[in-house]
Structure formats: structure tokens, C-alpha cells
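This report describes the fold, the ligand site and several local features of one protein. The sequence and the structure are shown first, and the description follows.

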Amino acid sequence: MSAGDSPEPAASAREAAGTPSPSAAMRIDVLTIFPDWFAGPADVSLLGRAASDGTLDLRVHDLRDWTTDRHRSVDDAPYGGGAGMVMRPDVWFAAAESVWNDLPPAATVGRDGPPPGAAHTVGGERPRTVLLTPRGMPLTQRLAAELAAEPRLVLCCGRYEGIDERVHEQVATDEVSLGDFVLLGGEVAAAALVEAVVRLLPGVVGNEASPWDESFSDGLLEYPHYTRPARLRGLDVPEVLRSGDHGRVAAWRAEQAELLTRRRRPDLLGG
Ligand code: SAM
């Protein structure tokens, strides 16, 4: 829906969706063994603008900065045998306590316990920390809105067979899945989560109302959009949209949203 078409102010759309108000500015830390992966997406489009105007403080960290050996290993063989390698909990614990507490890697690397005086500790009080995993809760618009209300997020991207279970239990506050499929790593899922959350921050999408007035915000898929030309290769824009009658347009859109949702996603209607 275009910004000017919004039938409701942003606050009431949010309240209708039962979601908290988003933060004005947000810091997101990403832990990954492929920090370069984020170099492109973070710099372009509205994400890049959010970063340059201070709405988003995105910090991408190389997990290997918390390794202890000269090969910078982050993985080891699984207990109990089996194919593939598992990401090491000692590296993840050190990285998490370093990033949570804004300490350099040297302050936590190789430690068998939290750094002295740390406010945020493994298994203790910690910022909202999302581990991306196919075993997590599905990433939904509702969850994105909930996360957008946090001042700070830490995102953990797994690779290989996944991450030692103690990291799931003691580092993550949330486990989130992009969908019922298996990716090579958590980076794509983390990037999707960043986009879904950041576009809900005030000012990121031109008009404040528009990100709250889309598919899923009101439990339905959105109605179809059209722009000029009115006729293209014999295909006409529906007459009602060209009528100038706002009441008829609103009724048509509501009907189309309902029809589309019933046809494609009856689960959203509880069916
Ligand atoms: N062995 C794991 C399993 O069967 O659940 C899959 C590991 S996957 C190859 C490696 C990493 O990719 C995971 O640790 C996770 O971070 C990420 N990943 C894969 N699929 C994902 C999904 N659907 N949503 C979020 N993260 C995913």
C-alpha cells in the first residue's frame, strides 16, 4: 500500500496488531564466520540510509576473532559421532560476553568464565540474543515488531551441522527460523531478520504508517497493487481503482485481501 493510502494512523495499526512501539534507534551486532557476507546488503537501499542517519548501528563481528589456536578453528567433531562438524561453545561464549559487554576479544578469548565485573554473562542477564536455526520459532511480522521494540539485538549465525547445544541454552534468548528448510548458514536468515525489523523503526520507510499497513499486519495478505499505464497489452487496471471513489476502493481492497488470504493462506484465517 502506498503511504498516502493508509486508512489508519501508525499507532492504531500497531495497537491493532498488539505490538509494542519500535525503538527510535537500534544497535544490532551480528556474529558470523563470514562478516564480508553483510558488506553489500548493509550498505545499500534503506538499510544503508538507516545506518548513515544513525537509526541503525549495525556491527558485524568475525567469530574467529575469539579463537585460541593458530588455525582459528571454530568447529570440532561431534560427541557421539556422525557426519559434519559442530561449532565450539568456548568460542561462542567468549564472543557473546565480549560483544554484550563491549569488550575487545582479548578480554574474553580463552577465558573459562566471564570477565571480571561483566554486566552480561553466559546464562545470566543479557541483551536480546537471537540464534538463527531451523529449530527456532518462525520469523513472523509479529516477532519482527516485538524485536523492533528492543534497543539492541545480537544475532548468532551458525554454520556446519550447527552450534553446540549449550550456546542455544545459555547464550540465546530466542531461537528463530526463516522457514521449514535448511540453509547453509544463518547469514541469510539474519539478514532477513535485520530487514524485517529495521523497516519498522521510525523514519526508515518514508511514511511512518506504511510499514504497519502491509501483509500480515492485520492478519491478512495485502490486496493487489497497480500503477500506470491503465491498459497494457490488453490488460486493464480494475475500473474501481480508477473511479476516484475512496469508499469503493477501500471496500474492493478489503474484499481482495480477504479473497487472496482465503485462497493462498487459509491458515492465517484460522482455517
Ligand atoms: N543440522 C541442522 C539441523 O538439521 O537443524 C542444520 C544446520 S545448517 C546446515 C547450518 C546453520 O544454518 C544453522 O546452524 C543455522 O544457523 C543456519 N540455518 C539453516 N537453516 C536455517 C533456517 N531455516 N532458519 C534459520 N537459520 C538456518
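Of the 19 residues around the ligand, which come nearest? They are Leu132, Glu161, Leu178, Phe181 and Leu183. The answer, like everything below, refers to a predicted model.

**The ligand site**

The residues of the shell around the ligand comprise ten nonpolar, seven polar and two charged ones. Strand E5 (128-138) and strand E7 (174-177) are the elements that give two or more residues to this shell. The largest share, three residues, is that of E5.

| Protein residue (backbone atom) | Ligand atom | Distance |
|---|---|---|
| Threonine 133 | nitrogen | 3.3 Å |
| Glutamate 161 | nitrogen | 2.8 Å |
| Glycine 185 | oxygen | 3.5 Å |

On its own, the ligand has 580 Å² of accessible area, and the protein covers 83% of this.

**Overall architecture**

The protein has eight helices and nine strands. Its C-alpha atoms fill a box of roughly 70 × 40 × 35 Å along the principal axes. Of the 271 residues in the protein, 43% are buried. Among contacts between residues at least 6 apart in sequence, 74% join residues at least 24 apart. The accessible surface comes to about 14400 Å², and carbon and sulfur atoms account for 53% of that surface.

**The nonpolar cores**

The largest nonpolar core has 30 residues. Those with the most contacts inside this core are Ile28, Leu132, Leu153, Leu155, Leu193, Val197 and Val198. Two or more residues each are given to the core by strand E1, helix H3 (45-52), strand E5, helix H5 (141-148), strand E6 (152-157) and helix H7 (187-198). With eight residues, H7 gives the most.

Leaving aside its neighbours within four places in sequence, leucine 193 is in contact with Val130, Leu132, Leu139, Leu147, Leu153, Leu155 and Val176. Another core, of 20 residues, lies apart from the largest one and includes Leu63, Val74, Trp92 and Trp100.

Helix H5 also has buried residues, namely Leu143, Ala144, Ala145, Leu147 and Ala148. What covers them includes E1, E5, E6, E7 and H7. An α-helix has 3.6 residues a turn, so residues three or four places apart point the same way.

**Two buried loop residues**

Phenylalanine 38 is found in the loop between strand E1 (26-32) and helix H2 (39-43). Is this residue buried or exposed? Phenylalanine 38 counts as buried because its relative accessible area is 5%, under the cut-off of 20%. Leaving aside its neighbours within four places in sequence, phenylalanine 38 is in contact with Val30, Thr32, Val60, Cys157, Glu187, Ala190 and Ala191. Phenylalanine 38 and glutamate 187 are 149 residues apart in sequence, yet their C-alpha atoms are 8.0 Å apart in space.

Threonine 55 lies in the loop between H3 and strand E2 (56-62). With a relative accessible area of 9%, threonine 55 is likewise buried. Its side chain is joined to that of aspartate 53 by a polar contact of 2.6 Å. Beyond its neighbours within four places in sequence, threonine 55 is in contact with Ala24, Ala25, Met26, Ala50, Leu201, Pro202 and Val204.

**Backbone features in loops**

Where is the cis peptide bond that involves proline 229? It runs from arginine 228 to proline 229, with omega near 5°. Proline 229 is found in the loop between H7 and strand E8 (231-232).

Aspartate 102 has a positive phi of about 55° although it is not a glycine. Aspartate 102 is found in the loop between helix H4 (89-100) and E5, and it is partly exposed, with a relative accessible area of 49%. Arginine 233 has a positive phi too, near 50°, and is a residue other than glycine. Arginine 233 lies in the loop between E8 and strand E9 (235-236). Its relative accessible area is 83%, so arginine 233 is classed as exposed.

Conventions. Residues numbered from 1 in each chain as written. Predicted model: local features only at pLDDT ≥ 70, side-chain atom pairs only at ≥ 80, totals over all residues. Heavy atoms only, no water. Helix = DSSP H or I, 4+ residues; strand = E, 2+ residues; numbered from the N terminus. Buried < 20%, exposed > 50% of the residue type's maximum accessible area, 1.4 Å probe, protein only. Contact = heavy atoms within 4.5 Å. Near = heavy atom within 4 Å. Polar contact = N/O pair within 3.5 Å; in protein donor to acceptor, adjacent residues only side chain to side chain. Areas by Shrake-Rupley, 256 points an atom, 1.4 Å probe, with all protein chains shown as cover. Nonpolar A, V, L, I, M, F, W, Y, C, P; charged D, E, K, R; others polar. Core = buried A, V, L, I, M, F, W, Y, C linked by side-chain atoms within 4.5 Å.
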